[in-house]
Amino acid sequence: MEKTAIALERRDGTRTIVRRANRLLTALSPRDFAILEPHLELVDLPRGRVLFEPGDDVVTTYFPCHRTMVSLLIATRDGREVEAATIGREGAVGGIVSEGHKPAYGRAVVQIAGQALAIPTSHLEAAKTGSARFGDLFSRYADALLAQMMQSVACNALHRTEERCCRWLLAAHDRAGDTMIHLTQEALAEMLGVQRTTVTAVTGVLQDRGLIRTHRGRIEVLDRPALERAACECHAAVEAHFVRLLPEVAD
Ligand SMILES: [Zn+2]
């Protein structure tokens with residue numbers, strides 16, 4: 001856990017928030033953050049929690065904190081799924097662009113358990129329309145999210161499972177705060193849209209090459225530079241675009 005821990009308590013009258021737990025919130029001006037702050041609630045998100053299903057009216061927006069990671073998944077009629085976007089502490093899940101009616105298109109699932117700050121989406125929308133600077137920040141974040149989804153179209157169609165696996169491990173490692181990623185092979189298979197046995201084979205190869213070590217429910221990154229070389233260009237491309245769009249949110 002990084003030093004920028006978050007505390008949020010209300011029932012006993014005290015309230016403290018260290019906002020760096022989520023970088024999008026950190027980028028808000030103190031005035032804009034003060035608009036959201038009374039409506040934020042700290043929640044624990046276990047692995048597998050579904051935040052919304054396709055067609056759901058999105059009434060809550062989540063700001064993942066620390067190493068928490070959420071996937072936006074697209075399911076096909078035969079029951080298969082593949083990830084369209086990964087959202088961590090640099091972003092928010094749900095109600096980013098829409099105003100008013102907002103049925104979800106994909107399925108949002110917690111892949112790496114942890115905390116998040118939750119807010120009724122109606123409050124977020126009121127804040128976006130009430131502050132040009134606030135609205136601009138979320139518009140640029142929406143652009144970054146769209147770019148990530150566009151990159152995922154290419155990645156899912158053109159890049160090998162091993163490269164895509166490395167891409168995802170890099171994204172998780174960026175947010176993990178240490179070398180250990182709390183991720184099951186089942187979750188990795190879900191995000192990559194492949195069979196669990198395929199993930200086992202791929203992670204076995206990466207382990208043999210000394211890039212990672214697998215543990216029960218965890219994957220340890222041993223050689224980050226080698227993992228970057230083994231990944232497709234997608235992680236670096238998405239990160240570079242994010243830094244250009246949202247320099248105040250980037251690490
Ligand atoms: Zn790729």
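Here are some friendly notes on the strands, helices and loops of this predicted model.

1. Ground rules. Residue numbers start from 1 along each chain, following the sequence as written. The model is predicted, so local features need pLDDT of at least 70 and side-chain atom pairs count only at pLDDT 80 or more, while totals for chains, interfaces and linings use all residues. Helices (H or I, at least four residues) and strands (E, at least two) are DSSP runs, numbered from the N terminus.

2. The four-stranded sheet. An open sheet of four strands has the order E2-E6-E4-E5, with antiparallel pairing; strands pair if DSSP finds at least two bridges between them. Its edge strands are E2 (50-52) and E5, each of which pairs on one side only. Neighbouring strands here are turned by 35 degrees against each other on average, direction ignored. For this and the later angles, axes are lines fitted to C-alpha atoms (for helices, over the stretch in contact), and angles run from 0 to 180 degrees between N-to-C directions.

3. Bridges within that sheet. E4 and E5 run antiparallel and are joined by six bridges, with Thr 86 of E5 as the bridge partner of Ser 71. Five bridges pair E4 with E6 in the antiparallel sense, and there Val 70 has Val 110 of E6 as its partner. Between E2 and E6 the antiparallel pairing covers two bridges; Phe 52 is partnered by Ala 108 of E6. E6 is mostly covered, as five of its six residues are buried. "Buried" stands for 20 or more other C-beta atoms within 10 Å of a residue's own, "exposed" for 12 or fewer, and "partly exposed" for the range in between, with C-beta atoms placed from the backbone.

4. The three-stranded sheet. A second open sheet, of three strands, has the order E1-E7-E3 and antiparallel pairing. E1 (41-45) and E3 are its edge strands, each pairing on one side only. The twist averages 40 degrees from one strand to the next. Five bridges join E3 to E7 (residues 114-120), the two running antiparallel, and Thr 61 stands opposite Ile 119 in E7. Helix H3 (residues 121-130) lies across E3 and E7, at about 70 degrees to E7.

5. Two loops worth a look. His 66 lies in the loop between E3 (60-64) and E4. Its phi is near 55 degrees, a positive value in a residue other than glycine. Most residues other than glycine have a negative phi. His 66 counts as buried because it has 22 C-beta neighbours inside 10 Å. Asp 78, in the loop between E4 (69-75) and E5 (81-87), is exposed, with 5 other C-beta atoms within 10 Å. Asp 78 and Gly 91 are 13 residues apart in sequence and 31 Å apart in space, C-alpha to C-alpha.

6. H5 against H6. The axes of H5 and H6 (residues 185-192) come within 11 Å and cross at roughly 115 degrees. That makes H5 roughly perpendicular to H6; angles under 35 degrees count as roughly parallel, over 145 as roughly antiparallel, 65 to 115 as roughly perpendicular and the rest as oblique. The contact (C-beta atoms, placed from the backbone, within 7 Å) involves Thr 161, Arg 164, Cys 165 and Trp 168 of H5 with Leu 188, Met 191 and Leu 192 of H6. These contact residues divide into five nonpolar, one polar and one charged. In this scheme Ala, Val, Leu, Ile, Met, Phe, Trp, Tyr, Cys and Pro count as nonpolar, Asp, Glu, Lys and Arg as charged, and the others, Gly among them, as polar.

7. H5 against H7. H5 (residues 161-176) and H7 (residues 196-208) pack at an angle of about 75 degrees, their axes 10 Å apart. H5 is therefore roughly perpendicular to H7. Thr 161, Glu 162 and Cys 165 in H5 meet Thr 198, Val 202 and Val 205 in H7. The residues of this contact are three nonpolar, two polar and one charged.

8. H6 is mostly covered, with six of its eight residues buried. Those buried residues are Ala 187, Leu 188, Ala 189, Glu 190, Met 191 and Leu 192. Their cover includes E4, E5, E6 (107-112), H5 and H7. Gly 193, which follows H6, has a positive phi, near 70 degrees.

Methods: Two residues are in contact if their C-beta atoms, placed from the backbone, lie within 7 Å.
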